[in-house]
Structure formats: structure tokens, C-alpha cells
Amino acid sequence: MVNEGGQLYTIEGVAAALLLLVTAYFVVNSTSVYTPGDTHLSDMQMEVIGSDALAMMDTADNITMTKSPLRQIVEQDDAERFNTLFPNTINARTEDTQDDIQYVANVTYVNPIDSTITSTHLANSTRPFTGTEHAVRVSRWVLIESPPFPEFSAGNTKGMHAVLVEVLLWRD
Amino acid sequence: MARLKNDDAQWIVLMGFIVSFSLFFLAILINQSTVVGQTTAEAVSEFPKNDIRGVRGVLIESTFLVDDPTHLFDNRTTVQNEIRTLALSRQNAIIGISSTTVGEFTYTEIHYNNGVTAYNETYTFP
């Protein structure tokens with residue numbers, strides 16, 4: 001070598017280039033990870049909204065009423081009332097505009113004749129559930145008397161029964 | 001190794017290294033923090049908080065029912081069996097419940113297990 005001045009500058013140059021490359025790699029990598037984390041957060045939020053709405057509907061209006069609105073809805077298979085109460089709660093916002101969360105609700109019960117599990121449709125929003133939506137599931141246990149389901153028409157099924165109200169919620 | 005003939009810019013070089021390394025560690029921190037946020041959100045989504053709350057609430061409600069032997073579908077046993085069957089099929093959870101009465105107190109043991117999360121409680125009434 002004729003002249004070996006500036007060796008340290010060369011080493012610094014190579015090291016800085018490597019560090020910049022690795023840093024850029026880390027930064028690009030981290031931003032691509034961020035999206036799935038975000039989706040989970042909004043799922044959690046919608047789950048909280050839905051289960052809170054069901055909890056509110058499962059609370060009786062006052063102390064003289066023994067049946068909560070949700071229990072009355074299930075006992076009478078009252079889709080119309082569900083379609084009034086539930087959207088009002090989940091779509092409420094502090095400003096004037098309403099949110100637009102779609103839902104479909106099912107009631108699951110144990111068939112008293114052969115102890116199988118049966119799900120029946122309770123209510124749904126205007127847009128049908130096609131199966132491709134990114135939906136979250138919320139559920140609420142309800143104890144009901146005199147279930148409206150056909151298997152319970154026999155006289156020996158008196159008394160309380162546990163049913164599970166399940167609601168799928170999604171935004172589109 | 002050949003002796004360096006010119007060492008005037010040592011401080012500049014040192015500062016260059018310090019700045020590079022701090023940038024490097026900051027990038028690692030940013031990278032790790034987003035991963036932590038994602039796993040936290042996933043853990044919260046998978047933790048069956050509302051399922052446990054629901055099962056606990058309806059089981060406690062069911063302990064206030066009475067068994068009526070004059071009906072085939074007597075209340076408390078039927079309801080608790082239905083809860084057990086529905087939870088197993090719809091929430092993938094095994095439910096256990098048993099009550100013992102000692103004196104004026106009733107101790108109700110509630111067990112919930114979905115394979116990942118287990119919840120056990122002894123509910124005392126009154």
C-alpha cells in the first residue's frame with residue numbers, strides 16, 4: 001500500500017452503512033407488525049360494547065319487575081323488541097350520528113327430548129350475515145320459564161331452563 | 001499494524017459511533033414495543049373474561065332455584081345440567097358446581113376450565 005492514511009474513516013464508513021441498513025430493516029419490520037395488533041384492539045372494544053348491551057338488556061327496569069327485557073324477548077321470541085333495544089344501545093354515540101354495527105342473534109338451548117343442543121334464530125340487523133365478516137361473538141346466559149321452542153310444548157317441561165343468547169357483531 | 005499517522009478527528013468518529021448505536025437501540029425498542037402490544041391484545045382477546053362472568057352469574061342465580069320433585073324437569077338440577085351441556089358445546093368449557101350447607105351458610109364451589117384458563121371460586125351465601 002502506498003498510502004494508508006484514513007483507515008479509520010473507512011472503517012467508520014462501513015460500520016455506519018451497516019448500522020443504517022440494519023436500522024432501516026428494523027423500522028420497516030416493526031411497522032408491518034403494527035396492523036394485526038390494531039385489529040385486536042377494535043375487536044376487544046366491540047366485544048365490550050356488545051356484552052355491556054346484553055347486560056343492560058338483562059337488567060329489569062325496576063324492582064317490581066321480575067323479568068328483564070332480554071328474558072321477555074327470549075320467552076316471547078320477540079325479534080321486533082330486540083331489534084329496537086339492541087341497536088339503540090350498541091350504536092349510541094355522544095354526537096348525533098349513529099354508529100352502524102351489524103349483528104345477528106341466536107338462542108341456544110338444550111332439547112328436553114333427547115338432550116341435544118339446538119340453536120334458533122332470534123333477530124338480526126338489516127344486512128344479512130354472509131360468513132365472511134370479521135365478527136366477534138358475545139353471549140349472555142338467561143334463565144327463562146316456558147320456552148317458546150317447539151320441543152318444549154309437552155307438558156312435562158315446566159320450570160326454569162337455561163338458554164344462551166349469542167350475538168355476532170361486526171362493522172362493514 | 002501500521003501506526004496511524006493522523007488522529008485529529010477521533011472525537012468526530014466517537015460521536016459517530018455513539019449516534020449510530022443509539023439509533024440502533026431505539027429501533028430495537030420500537031420494534032419490540034409493537035410486538036408487545038400485539039401479544040397483549042391477543043392475550044386479552046383470548047382470555048374468556050365475559051364467559052367466566054356469565055357462567056359464574058348464571059350458576060349463582062341457579063343456586064337460588066329449588067328442586068321440585070313433582071315435575072320431571074325439576075328446576076335446579078335441570079338448569080345446572082343445561083348450563084353444563086351448553087357451556088361444553090358453545091364455549092368449550094367444562095363447568096363444575098357443588099353446594100354444601102354448613103350451619104346457616106351455603107358454600108357453592110364453581111369451577112370453570114376451557115383448557116387454557118381455569119377459574120375456581122367458593123361462593124358463600126349469605
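Predicted model: local features only at pLDDT ≥ 70, side-chain atom pairs only at ≥ 80, totals over all residues.

Reader: What makes a residue buried, exposed or partly exposed?

Author: The cut-offs decide. Buried means under 20% relative accessible area, exposed means over 50%, and partly exposed lies in between.

Reader: Which elements does chain A have, and in what order?

Author: Chain A has three helices and four strands. From the N terminus on, they run α-α-α-β-β-β-β.

Reader: What share of the contacts in chain A joins residues 24 or more positions apart?

Author: The share is 62%, counted among contacts with a separation of 6 or more.

Reader: How many charges does chain A carry, and how far apart are their mean positions?

Author: There are 9 positive and 22 negative charges. Their mean positions are 11 Å apart.

Reader: Why can charged side chains pair?

Author: Side chains of opposite charge can pair when their charged atoms come close. Over all chains, the count of salt bridges comes to eleven.

Reader: Why is the pair A:Glu75 and A:Lys67 called a salt bridge?

Author: The cut-off is 4 Å between a side-chain nitrogen of Lys or Arg and a carboxyl oxygen of Asp or Glu. Here the N to O distance is 2.9 Å. That is within the cut-off, so the pair is a salt bridge. A:Glu75 has a relative accessible area of 10%, under 20%, and is therefore buried. A:Lys67 has 28%, so it falls in between and is partly exposed.

Reader: Which residues are linked with them in a network?

Author: The network of salt bridges links A:Lys67, A:Arg71, A:Glu75 and A:Glu145.

Reader: How do you know that A:Glu166 and A:Arg137 form a salt bridge?

Author: Their closest N and O atoms are 2.7 Å apart. The pair links distant parts of the chain: A:Glu166 is in strand E4 (residues 160-171) and A:Arg137 is in strand E3 (residues 136-145), 29 residues apart. A:Glu166 has 5% relative accessibility, so it counts as buried. A:Arg137 is partly exposed, at 32%.

Reader: Which pair crosses between chains?

Author: B:Asp51 pairs with A:Arg137 in a salt bridge, at 4.0 Å from N to O. This pair goes from helix H2 (residues 49-62) of chain B to strand E3 of chain A. B:Asp51 has 15% relative accessibility and counts as buried.

Reader: What makes helix H2 of chain A mostly covered?

Author: Count its residues. Seven of the eight residues in this helix (residues 69-76) are buried. Among them are A:Pro69, A:Leu70 and A:Ile73. Just after the helix, A:Asp77 takes a positive phi of about 50 degrees.

Reader: Where else is phi positive in a residue that is not a glycine?

Author: One case is A:Ser115, at about 60 degrees. It sits in the loop between strand E1 (101-110) and strand E2 (117-124) of chain A. Another is B:Asn92, at about 55 degrees. Its place is the loop between helix H3 (75-90) and strand E1 (94-102) of chain B.

Reader: Why is B:Asn92 called exposed?

Author: Its relative accessibility is 61%. That is over 50%, so B:Asn92 counts as exposed.

Reader: What makes the peptide bond from B:Phe125 to B:Pro126 cis?

Author: Its omega is near 0 degrees. B:Pro126 lies in the segment after strand E3 (118-125) of chain B.

Reader: A:Glu151 is in a loop between E3 and E4 of chain A. Is it buried or exposed?

Author: A:Glu151 has 18% relative accessibility, under 20%, so it counts as buried. Leaving aside neighbours within four places in sequence, its contacts include A:Tyr109, A:Pro112 and A:Thr118.

Reader: How far is A:Glu151 from A:Phe26?

Author: They are 125 residues apart in sequence. In space, the distance is 61 Å, C-alpha to C-alpha.

Notes:
Residues numbered from 1 in each chain as written. Chains lettered and ligands numbered in written order. Heavy atoms only, no water. Helix = DSSP H or I, 4+ residues; strand = E, 2+ residues; numbered from the N terminus. Contact = heavy atoms within 4.5 Å. Lys, Arg positive; Asp, Glu negative; His and termini not counted. Charge placed at Lys NZ, Arg CZ, Asp CG, Glu CD. Buried < 20%, exposed > 50% of the residue type's maximum accessible area, 1.4 Å probe, protein only.
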